[in-house]
Amino acid sequence: MDSILIPSTYSWLDCPDNFSCLRDYLNFLKKETQAKLKINISDKLIQLIQAIVVPHAGLRYSGLCSMSSYLPASNNKNIKKIIILSTDHHDKLKSGVYTDNFHYLDKLNNKYSITPDELTSTLLTKYPDLFEKRNIQDEIKNEHSLLNQLPFISFLFNKSVTVIPIVVGTNNLESISNILFKIINKTTLVVCNTDFSHVNGHFKNKVNTNIYDEIRKKDSSMLKFLFTKNSIDFNK
């Protein structure tokens, strides 16, 4: 594979200085995904995409990986609703629903926006013991897990597609899973964002040799683990 040049669009978490810079960067990622990764999926298989796993690190840090998942999913024209399951960096026990300020802003207040689905408020009203209201602007530095999904969704999906943005706490996960399961149908895309393994960057688990192969090996092991039927091992 040829070297993939990552433009210094903006830093780890900060919003870009210029909105056109972000738009150009997303176009760049789209072209690189199509050209370098050669993701060729038949139309029949594309219509079956209902869940993707994406990173939630900074867009410059992991943008190509995110685009490689979002791009095929965005070609499923059956998708009308997206459920985002985001990591909770605040370590709250209760899960949350983001209800305000679904914007990725640059410093001139240009923005990529998403439209919250009506079920977003319904979850709060109907299940106040399971969900609490969150405002992304109050948690912007620590909740990049949701923030970094917004440009991809706004850039790639039809504007009529609505979003249910959920931050996943540590309690009542089985009950919440059962509630969401009833919402999901052939018109729903579930986006799970996570960091499979904190390697390189400023993290302690540094991979110094055979970087791509080693990270691919670690991620493959994690994917196999996620599909395990042994709930006891999974809960560990």
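Student: Before anything else, what is pLDDT?

Tutor: pLDDT is the predictor's confidence in each residue, running from 0 to 100. You need it here because this is a predicted model.

Student: OK, what is the mean pLDDT of the chain?

Tutor: The mean is 79, and 76% of the residues reach 70 or more. Over residues 1-13, though, the pLDDT is below 50. That stretch has 32 contacts in the model beyond near neighbours in sequence.

Student: Switching to aromatics. How many aromatic pairs turn up in the whole structure?

Tutor: Two, from a search of the whole structure. In one of them, Tyr25 and Phe28 have ring centres 6.2 Å apart and planes at 15°. Planes under 30 degrees apart count as stacked, so this pair is stacked.

Student: Where do Tyr25 and Phe28 sit in helix α1?

Tutor: They are three residues apart in that helix, which covers residues 19-37, so about one helical turn separates them.

Student: And is Tyr25 buried or exposed?

Tutor: Tyr25 is buried, at 2% relative accessible area. Phe28 is partly exposed, at 23%.

Student: What about the pair Tyr70 and Phe152?

Tutor: Those rings are stacked too, with centres 5.4 Å apart and planes at 5°. This pair links distant parts of the chain: Tyr70 is in helix α3 (residues 59-74) and Phe152 in helix α6 (residues 150-156), 82 residues apart. Tyr70 has a relative accessible area of 0%, and Phe152 has 0% as well, so both are buried.

Student: What else does Tyr70 contact, leaving aside its neighbours within four places in sequence?

Tutor: Besides Phe152, Tyr70 is in contact with Ile52, Val54, Gln149, Ile153, Leu156, Phe157 and Val191.

Student: Which residues of the largest nonpolar core touch the most other members?

Tutor: Tyr70 is one of them, along with Ile52, Ile82, Ile153, Phe157, Leu189 and Val191, in a core of 29 residues. The elements giving two or more residues to this core are α1, β1 (51-55), α3, β2 (81-87), α6 and β9 (188-194).

Student: Which element gives the most?

Tutor: α3 does, with six residues. Apart from this core lies another, of 12 residues, including Leu123, Leu130, Ile166 and Ile183.

Note on methods:
Residues numbered from 1 in each chain as written. Predicted model: local features only at pLDDT ≥ 70, side-chain atom pairs only at ≥ 80, totals over all residues. Heavy atoms only, no water. Phe/Tyr/Trp six-rings, centres within 6.5 Å; stacked < 30°, edge-to-face > 60°. Helix = DSSP H or I, 4+ residues; strand = E, 2+ residues; numbered from the N terminus. Buried < 20%, exposed > 50% of the residue type's maximum accessible area, 1.4 Å probe, protein only. Contact = heavy atoms within 4.5 Å. Core = buried A, V, L, I, M, F, W, Y, C linked by side-chain atoms within 4.5 Å.
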